Amino acid sequence: MSTTTIRLDDELKARIAAAAARSDKSSHAFILEALSDLVERSELDEELHRIADKRWAALQRTGESVAWEDAAAYLKARAAGKKVRRPAARRPGP
């Protein structure tokens, strides 16, 4: 395991110590968890953008999409615990 030194101003250091105490953790454990959470969030965000870019390219290429009404009905049914078929993508009508 390597060591990295970071410089914290006194106010941030005190805030970290207080937050760590509220979480019943050491400042070190609190900082490690915060960094791990931030890295994970960044990786998930990067993956989301990759998927969105891929889907945007497909939409531009095919012109097919799911109508908002179909998507909304699908999501409402899923939220209600119903098993429903995903709506099919299609080209918008005239």
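A residue is called buried when its relative accessible area is under 20%, exposed when that area is over 50%, and partly exposed in between, with a 1.4 Å probe and protein chains only as cover. The structure described here is a predicted model, in which local features need a pLDDT of at least 70 and side-chain atom pairs count only at pLDDT 80 or more, while totals for chains, interfaces and linings use all residues. Residues are numbered from 1 along each chain as its sequence is written, and side-chain values use heavy atoms, with hydrogens and water left out.

The protein has three helices and zero strands, where helices (H or I, at least four residues) and strands (E, at least two) are DSSP runs numbered from the N terminus. The order of the elements from the N terminus on is therefore written α-α-α. Helix 1 covers residues 10–22, helix 2 covers residues 27–62, and helix 3 covers 68–79. Taken along the principal axes, the box filled by the C-alpha atoms is roughly 65 × 35 × 25 Å. The radius of gyration of the protein is 23 Å, whereas a compact globule of 94 residues would have a value near 12 Å; this radius is taken over C-alpha atoms, and the globule rule is 2.2 Å times the number of residues to the power 0.38. Of the 94 residues, 7% count as buried.

Two pairs of positions illustrate distances between parts of the chain. Asp45, a residue of helix 2 that is partly exposed at a relative accessible area of 39%, has its C-alpha atom 25 Å from that of Ala67, which is 22 residues away along the chain. Ala80 is placed in the segment after helix 3 and counts as exposed at 56% relative accessibility; between the C-alpha atoms of Ala80 and Ala52, which are 28 residues apart in sequence, the separation is 26 Å.

The count of salt bridges comes to three, a salt bridge being a side-chain nitrogen of Lys or Arg within 4 Å of a carboxyl oxygen of Asp or Glu. In one of them, the side chains of Lys25 and Glu33 meet with an N to O distance of 2.3 Å; Lys25 is partly exposed at 31% relative accessible area, and Glu33 is likewise partly exposed, at 37%. Another joins Glu47 to Arg50, with the closest N and O atoms 2.8 Å apart. Because Glu47 and Arg50 are three residues apart in helix 2, about one helical turn separates them. Both members of this pair are partly exposed, Glu47 with a relative accessible area of 34% and Arg50 with 45%. A further salt bridge links Asp70 and Arg90, whose closest N and O atoms are 2.7 Å apart. Asp70 lies in helix 3 and Arg90 in the segment after helix 3, so this pair ties together parts that are 20 residues apart in sequence. Asp70 is partly exposed at 27% relative accessibility, as is Arg90 at 43%.

Surface patches were assigned from residues with over 30% relative accessible area and no salt bridge, with like charges joined within 9 Å and nonpolar side chains (Val, Leu, Ile, Met, Phe, Trp, Tyr) within 5 Å. Accessible areas come from the Shrake-Rupley method with a 1.4 Å probe. Lys and Arg count as positive and Asp and Glu as negative, while His and the chain ends are not counted; the place of a charge is taken as NZ of Lys, CZ of Arg, CG of Asp or CD of Glu. A negative patch is made up of Asp37, Glu40, Glu43, Asp45 and Glu46, and Glu43 is located in helix 2. Lys54, Arg55, Arg78, Lys83 and Arg86 form a positive patch; Arg86 belongs to the segment after helix 3 and is exposed, with a relative accessible area of 69%. A nonpolar patch of about 230 Å² is made by Ile6, Leu8 and Leu12, of which Leu12 lies in helix 1 and is partly exposed at 34% relative accessibility.

Most residues other than glycine have a negative phi. Asp24 is also exposed, with a relative accessible area of 74%.
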